[in-house]
Amino acid sequence: HPEVTAMRLGIAFISCMLLMRLTACAPVIESSFHKSANITRDSKPDSCGIPIYQSSKIRLPYKRIGMVQAYPKYWIGKMHLGNPITAIRKEARKVGGDALIDVQIHPIKDAVGDLEYRWTAFVIIWERPKQKPATESP
């Protein structure tokens, strides 16, 4: 039956085109780091956890080394599937951060007036107590 074969080929073609379109526009979370302190550290492995705190709740000394931000780059309709928290944690690991503080979500209108959200947080490192120099006994 040539009509059935043609219909199956048509459905297969449309399915392939739809799949290619969806994967080509897969949602991506764009992220970046903006350095604020003159500190360079080695990156941390993906297995390293990056906790998130409110700065008002931290009792240990720390130093801010910069700010990370994340936002959706591509959308399918009104939905994006990326995870901004995962993205900012990844940026913090890249720069050797120990934790994130003060995560904020900023609503922003895009070029066509749709509402998007930009996530920001400060990257911190824990300050180690300064050790007193060893003194020799006479």
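The following legends describe close-up views of a predicted model of the protein.

**View 1. Overall fold of the protein, with 2 helices and 5 strands.** From the N terminus on, the elements follow the order α-β-β-β-α-β-β. The protein has 138 residues, of which 22% count as buried. Among contacts between residues at least 6 apart in sequence, 77% join residues at least 24 apart.

**View 2. The open sheet, formed by 5 strands in the order 1-3-5-4-2 with mixed pairing.** Strand 1 (29–35) and strand 2 are the edge strands, each pairing on one side only. Strand 2 (residues 52–53) runs parallel to strand 4 (residues 99–109), and 2 bridges join them; here I52 stands opposite L100 of strand 4. Strand 3 (residues 62–72) is antiparallel to strand 5, to which 8 bridges join it. In this pairing V68 faces A121 of strand 5.

**View 3. The hairpin of strand 4 and strand 5, with 5 residues between the two strands.** The strands run antiparallel and are joined by 9 bridges. K109 has L115 in strand 5 as its bridge partner. Within the turn, G113 adopts a positive phi of about 90 degrees.

**View 4. A nonpolar surface patch formed by I105, L115 and Y117.** Together the three residues contribute about 280 Å² of accessible area. L115 belongs to strand 5, which spans residues 115–126. The relative accessible area of L115 is 44%, so this residue is partly exposed.

View 5. The side chain of T120 makes a polar contact of 2.8 Å with the side chain of H106. Leaving aside residues up to four places away in sequence, T120 touches M67, V68 and Q69, as well as D102, V103, Q104 and H106.

**View 6. The network of salt bridges that links R41, K44 and D98.** In the salt bridge between R41 and D98, the closest N and O atoms are 3.2 Å apart. This pair connects distant parts of the chain, 57 residues apart: R41 is in the loop between strand 1 and strand 2, and D98 is in the loop between helix 2 (84–94) and strand 4. The side chains of K44 and D98 form a salt bridge with an N to O distance of 2.5 Å. Because K44 lies in the loop between strand 1 and strand 2 and D98 in the loop between helix 2 and strand 4, this pair ties together parts that are 54 residues apart in sequence. D98 counts as buried at 9% relative accessibility. R41 is partly exposed, with a relative accessible area of 28%, and K44 is also partly exposed, at 22% relative accessibility.

**View 7. The salt bridge between K94 and E91 in helix 2.** The closest N and O atoms of K94 and E91 are 3.1 Å apart. The two residues are 3 apart in helix 2, so about one helical turn separates K94 from E91. At 47% relative accessibility K94 counts as partly exposed, whereas E91, at 8%, counts as buried. The protein has a count of 3 salt bridges.

Technical notes:
Residues are numbered from 1 along each chain as its sequence is written. This is a predicted model: local features need pLDDT of at least 70, side-chain atom pairs count only at pLDDT 80 or more; totals for chains, interfaces and linings use all residues. Side-chain values use heavy atoms; hydrogens and water are left out. Patches are made of residues with over 30% relative accessible area and no salt bridge: like charges are joined within 9 Å, nonpolar side chains (Val, Leu, Ile, Met, Phe, Trp, Tyr) within 5 Å. Accessible areas come from the Shrake-Rupley method with a 1.4 Å probe; for residues, only the protein chains shown count as cover. A salt bridge is a side-chain nitrogen of Lys or Arg within 4 Å of a carboxyl oxygen of Asp or Glu. Helices (H or I, at least four residues) and strands (E, at least two) are DSSP runs, numbered from the N terminus. Buried means under 20% relative accessible area, exposed over 50%, partly exposed in between (1.4 Å probe, protein chains only). Contact means heavy atoms within 4.5 Å. A polar contact is a pair of N or O atoms within 3.5 Å; within protein, one must be able to donate a hydrogen and the other to accept it, and residues adjacent in sequence count only if both atoms are side-chain atoms. Two strands pair if DSSP finds at least two bridges between them.
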